[in-house]
Every structure is written in C-alpha cells, then in structure tokens.
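Subject: The structure I promised you

Hi,

Here is the structure I said I'd pass on. Have it open while you read, and I'll walk you through what turned up.

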Amino acid sequence: MIWLIGNKGMLGTELSLLLGKSGVPFIGTDKEVDITKLSALRDFTHTKHIEWIINCAAYTAVDKAEDERENSHLLNTVGPQNIATMAKEIGARLIHISTDYVFNGQGNRPYTEEDATDPIGVYGLTKRDGENKVLEENDKSYVIRTAWLYGNYGNNFVHTMLRLMKERESISVVNDQHGSPTWSGDLAETIYTFIHLIRENKTIPYGIYHFTNEGKITWFDFAKGIYTQARDFGILTKECEIKPCCSDDFPSKVKRPAYSVLDKSKIKTTLGITIPAWDVSLRRYLSKYA
Ligand SMILES: NC(=O)c1ccc[n+]([C@@H]2O[C@H](COP(=O)([O-])OP(=O)(O)OC[C@H]3O[C@@H](n4cnc5c(N)ncnc54)[C@H](OP(=O)(O)O)[C@@H]3O)[C@@H](O)[C@H]2O)c1
C-alpha cells in the first residue's frame, strides 16, 4: 500500500485523485497525522502494510518562513527526517518532494542534481536540511526537486494572476527571475511513474531528481502566457495590461533566486519520459479550468 502524506495540499490532492484513478491501494493523511511527531507516524503505520510513502506535506509559505523559522524547520526538516526514519523501520521506499530554493539562484545554466546547494532563505534552508536528513536516514529514498508549482487545489501564481487580471486594468510582474513553471498534474504523473516502473521490476537508482515543465521564462512571461491563454479560453473576458518590473519594485523580507532553472536530463533518461513545455501544460490545465 502507498501512504500519501500531505494529501490535502496542492500536489497531494492532485496525487490523491491520480492514485484513486489508477486503482493502486493507497491511504492519504494530512495534519491529522502530524509529521513532526515520530510517535504519531509510528502509531499510524502500526497495523498497516506500507511499501511506499510519498511526502507532499511541507511548510510552503516562503515569505512567512523568515519570521517562523522554527515552524519551517519542524515541517521541512524534522518532519521529513521522522518520515524517513519510520520508512526505514518498516522497510518502505520514500518519495520526498523538494524545491529549486535549495540553490542560491546565481547560476547561468540549468542546475543539475550534483550542483552544490546554497539556499538564501529560511524556506530553502529548511528544505535543503530536510533533503539531507531524508537521504541520511533512509537509503531507499527518492528526492524530487520541483519549482513554480501550480494546479487546481491551492493558492498559486496562476490563480493569483487570473484574479488580478479580472480585477485590474493593468498589473506589473517581475521580469528578472528566471525559472520553469510546473503543472502539478505533470508532477503527479511523474511521481506515479517511479512507483509504476519499480512495480514492473525496473531498477531506478535512489537519490535526487529534478522535475519541472520544459522552458526557461520569467514570471512576466508566465503572466503573459496566462493572459493570452485565458483570453483564448474565454476565462478572461476583459483586457488587462501586463507590465514588466523588477524584483526590487516589490520589497520583501525574503530574497528569491534570480535563476532557478533545473536540468531534467537525469529524470528523463532514467524514467524514459518526455516532459511537456510549460505553455503546453498551461493550456491543458486552463482548458479544464472552471
Ligand atoms: N508550491 C510551490 O510552488 C512549490 C515549489 C517547489 C517545491 N514545492 C514543494 O512541493 C511540495 C508540495 O507543495 P504544495 O504546494 O502542494 O504544498 P501545500 O499545498 O502547502 O501542502 C502541504 C500540506 O501539508 C499539510 N501539513 C501542514 N502541517 C502538517 C503536519 N504537521 N503534518 C502533516 N501535514 C501537514 C498542509 O496543511 P495546511 O495547509 O492545513 O497547513 C498542506 O495540506 C512541498 O514539498 C513543497 O516544498 C512547492
């Protein structure tokens, strides 16, 4: 059985629906089984035969993390460590989700899994420490780093942009941070592919993998793509001007990586997958947007 932790979050909900459709036995939990308490995890697994654990639970409020260091540490470092410890105790494989924020964003070519981490904020630091704990505690672990995630089931850039474009005549969007958007539907499919291939007896080396949609754009480019497609689909019926601006125009406590494109060669070769371009996935997502 698969245990999906954080099943009410944006990615967790997407995975829950996918696992439900695939027919594989799984059970999902969220805050009711607190990952910061090892005893709660042990109690939950006590009477169950769990072969896989997928951890989608996290502290994801990047800005708030600067003021809530302890909470971020508990959820992003201690929680994953507890999950990895417990997974090892019961002999389960673990898939843990991490982030491009483990890098400092000063690169100028896509980051590989071998590149040195150097987080520049509390969220990235606590996620990086969580990755290390997972890999130290349970050698049957996969860590999948992703970035700029959006989907149906939570607050995210696409929802915010659509709301603002409906409300305002013009909006300014930062044009000096480069990355790759990721539709949670594509990431959920890829996570499931790990499990599916191993069940089919394919050997997939444990360790870190990078996954985002293809393409390198700025948030401004992303906003323009959302606008154009939302107009095409009739989701947005009024005009809105999208203007480029700089990160410095939005003063914030937290520094965000200027460049966070991830190299996906490893995951594509290992799983034998192709990854859709960001605008193709955005179109698939918006075509079903209600
Ligand atoms: N969102 C992005 O843009 C992005 C980018 C890169 C990487 N990631 C990574 O992708 C993964 C999934 O992100 P997401 O955006 O889907 O996250 P999310 O929507 O914030 O979901 C996280 C879930 O964990 C739950 N949770 C909180 N405290 C918990 C606890 N003590 N025990 C168990 N569950 C608890 C949350 O509940 P509450 O909501 O009630 O607190 C929420 O349902 C995370 O590892 C994140 O770091 C996300």
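One term first: a polar contact is a pair of N or O atoms within 3.5 Å, and within protein one of the two must be able to donate a hydrogen and the other to accept it. Please also keep in mind that this is a predicted model.

**Glu 137 and its neighbours**

The side chain of Glu 137 makes a polar contact with the side chain of Gln 81, at 3.3 Å. Glu 137 sits in helix α4, which covers residues 122-137. Leaving out residues up to four places away in sequence, Glu 137 touches Gln 81, Ala 84, Thr 85 and Lys 88. Have a look at Ala 84: it is 53 residues from Glu 137 along the chain, yet their C-alpha atoms are separated by 5.7 Å. Is Glu 137 buried, exposed or partly exposed? Its relative accessible area is 24%, so it counts as partly exposed.

**The ligand**

There are 23 residues around the ligand, and Leu 11, Asp 34, Thr 60, Tyr 123 and Lys 127 come nearest. Which atoms pair up here? A nitrogen atom of the ligand is 2.8 Å from an N or O atom in the side chain of Asp 34. On the Thr 60 side, an oxygen atom of the ligand is 2.7 Å from an N or O atom of the side chain.

**Two asparagines to look at**

Start with Asn 7, in the loop between β1 (2-5) and α1. Asn 7 has a relative accessible area of 15%, so it is buried. Apart from residues up to four places away in sequence, Asn 7 touches Gly 12, Thr 13, Ser 16, Gly 28, Thr 29 and Asp 30.

Then go to Asn 55, in strand β3 (residues 52-55). How accessible is Asn 55? Its relative accessibility is 1%, so Asn 55 counts as buried too. The side chain of Asn 55 reaches the backbone nitrogen of Ala 57 at 3.0 Å. Setting aside residues up to four places away in sequence, Asn 55 has contacts that include Ile 5, Pro 80, Leu 94 and His 96.

**Helix α5**

Helix α5 runs over residues 157-167, and its buried residues are Phe 157, Val 158, His 159, Met 161, Leu 162, Leu 164 and Met 165. What do these buried residues pack against? Their partners are β6 (149-150), β7 (170-174), α7 (219-232), β12 (241-245) and α9. At the N-terminal end of α5 you'll find Asn 156 as a cap, with a side-chain oxygen 3.1 Å from the backbone nitrogen of Val 158.

**Empty space**

Rolling a probe the size of a water molecule over the atoms shows where empty space is left. The structure holds one cavity of 30 Å³ or more, and the largest cavity has about 30 Å³ of space. Its lining consists of Val 62, Tyr 101, Ile 120, Gly 121, Tyr 123, Gly 124, Val 254 and Lys 255. That lining divides into five nonpolar, two polar and one charged.

There is also the second largest pocket, with a volume of about 360 Å³. It is lined by 15 residues, and Glu 14, Lys 21, Trp 183, Gly 185 and Lys 288 lie nearest its centre. The lining is made up of six nonpolar, three polar and six charged residues. Three helices, α1 (10-22), α6 (184-199) and α9 (278-287), each supply at least two residues of that lining.

Most residues other than glycine have a negative phi. Trp 148 is not a glycine, but its phi is positive, at about 45 degrees. You'll find Trp 148 in the loop between β5 (141-146) and β6, and its relative accessibility of 10% means that it counts as buried. Asn 201 also has a positive phi, near 70 degrees. Asn 201 lies in the loop between α6 and β10 (207-210), and at 71% relative accessibility it counts as exposed.

Happy exploring!

Definitions and conventions. Residues are numbered from 1 along each chain as its sequence is written. This is a predicted model: local features need pLDDT of at least 70, side-chain atom pairs count only at pLDDT 80 or more; totals for chains, interfaces and linings use all residues. Side-chain values use heavy atoms; hydrogens and water are left out. On a 1 Å grid over the protein atoms alone, a cavity is a set of points where a 1.4 Å probe fits but cannot get out, and a pocket is an open set with protein on both sides within 12 Å along at least five of seven lines; lining residues have an atom within 4 Å of a point. Grid points are joined across faces, edges and corners, and a volume is the space filled by probe spheres set on the points. Helices (H or I, at least four residues) and strands (E, at least two) are DSSP runs, numbered from the N terminus. Ala, Val, Leu, Ile, Met, Phe, Trp, Tyr, Cys and Pro count as nonpolar, Asp, Glu, Lys and Arg as charged, and the others, Gly among them, as polar. Buried means under 20% relative accessible area, exposed over 50%, partly exposed in between (1.4 Å probe, protein chains only). Contact means heavy atoms within 4.5 Å. A residue is near a molecule or strand if one of its heavy atoms lies within 4 Å of it.
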